[in-house]
Amino acid sequence: YMGMTSLCSAMATASPDVPPHTSVSDWLLRHAGSVPNSTLGWFRAGVGFFNKKVYSYAIECFHKAIELDPLNYNAFQILARALIAVNRREDAIVALKESVRLDNPSDWQLLVELTSAPRSSGDAGPPVAAAP
């Protein structure tokens, strides 16, 4: 388990879809006139940016939501998907592990898909114990 500060620092690199000098807070202040003041507000703003495919702002919003509420598994869940969208698979796996650690059952599937090697059609599966 990584501490929240370490987790957010490890995943905080900006993606190329927006200028690095413009923070999401600056964008929100300029375009919406204010910034969220709750984990839910930051989460919903992140979903809005995710839906617009502005992944770096979405990632920044999810980090802010997590900083306010480290138990917000929904933020980890969509953060992982935003990280996948910008080809940050390892960071996405970290976020998914945190989500399932927080008891979010819906992220198990994606976590297994990202961490398991693909099976070939000729793979016989796991070894079967011999009959006594």
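1. Let's start with asparagine 104, which sits in the loop between α6 and α7. Helices here are DSSP runs of H or I with at least four residues, and strands are E runs of at least two, numbered from the N terminus. Please keep in mind that this is a predicted model: local features need pLDDT of at least 70, side-chain atom pairs count only at pLDDT 80 or more, and totals for chains, interfaces and linings use all residues. Residues are numbered from 1 along each chain as its sequence is written, and side-chain values use heavy atoms, with hydrogens and water left out.

2. Is asparagine 104 buried or exposed? Its relative accessibility is 3%, so asparagine 104 counts as buried. (Buried means under 20% relative accessible area, exposed over 50%, and partly exposed in between, with a 1.4 Å probe and protein chains only.) The asparagine 104 side chain makes polar contacts with the side chains of serine 106, at 2.9 Å, and aspartate 107, at 3.4 Å. A polar contact is a pair of N or O atoms within 3.5 Å; within protein, one must be able to donate a hydrogen and the other to accept it, and residues adjacent in sequence count only if both atoms are side-chain atoms. Leaving aside neighbours within four places in sequence, asparagine 104 is also in contact (heavy atoms within 4.5 Å) with Tyr73, Gln77 and Ser99.

3. Now step back to α6. Its 13 residues should span 18 Å at 1.5 Å a residue, and its end C-alpha atoms are 18 Å apart, which agrees. The expected span is 1.5 Å times one less than the number of residues. The buried residues in α6 include Asp91, Glu98 and Ser99 as well as Ile93, Leu96 and Val100. Just after α6, aspartate 103 has a positive phi of about 75 degrees.

4. Which residues touch the most other members of the largest nonpolar core? They are Val24, Phe43, Phe49, Phe62 and Leu79, out of 33 residues in that core. A nonpolar core is a set of buried Ala, Val, Leu, Ile, Met, Phe, Trp, Tyr and Cys residues joined through side-chain atoms within 4.5 Å. Helices α2, α3, α4, α5, α6 and α7 each supply at least two residues, and the largest share, eight residues, comes from α4. Not counting residues up to four places away in sequence, phenylalanine 49 touches Val24, Trp27, Leu28, Val54, Tyr57, Ala58 and Cys61.

5. Threonine 39, in helix α3, is worth a look too. At 18% relative accessibility, threonine 39 counts as buried. Threonine 39 and leucine 68 are 29 residues apart in sequence, yet their C-alpha atoms are 5.5 Å apart in space. Beyond its neighbours within four places, threonine 39 is in contact with Ala65, Leu68, Asp69 and Asn72.

6. Finally, the overall picture. The protein has seven helices and zero strands. Of its 132 residues, 41% count as buried. Among contacts between residues at least 6 apart in sequence, 54% join residues at least 24 apart.
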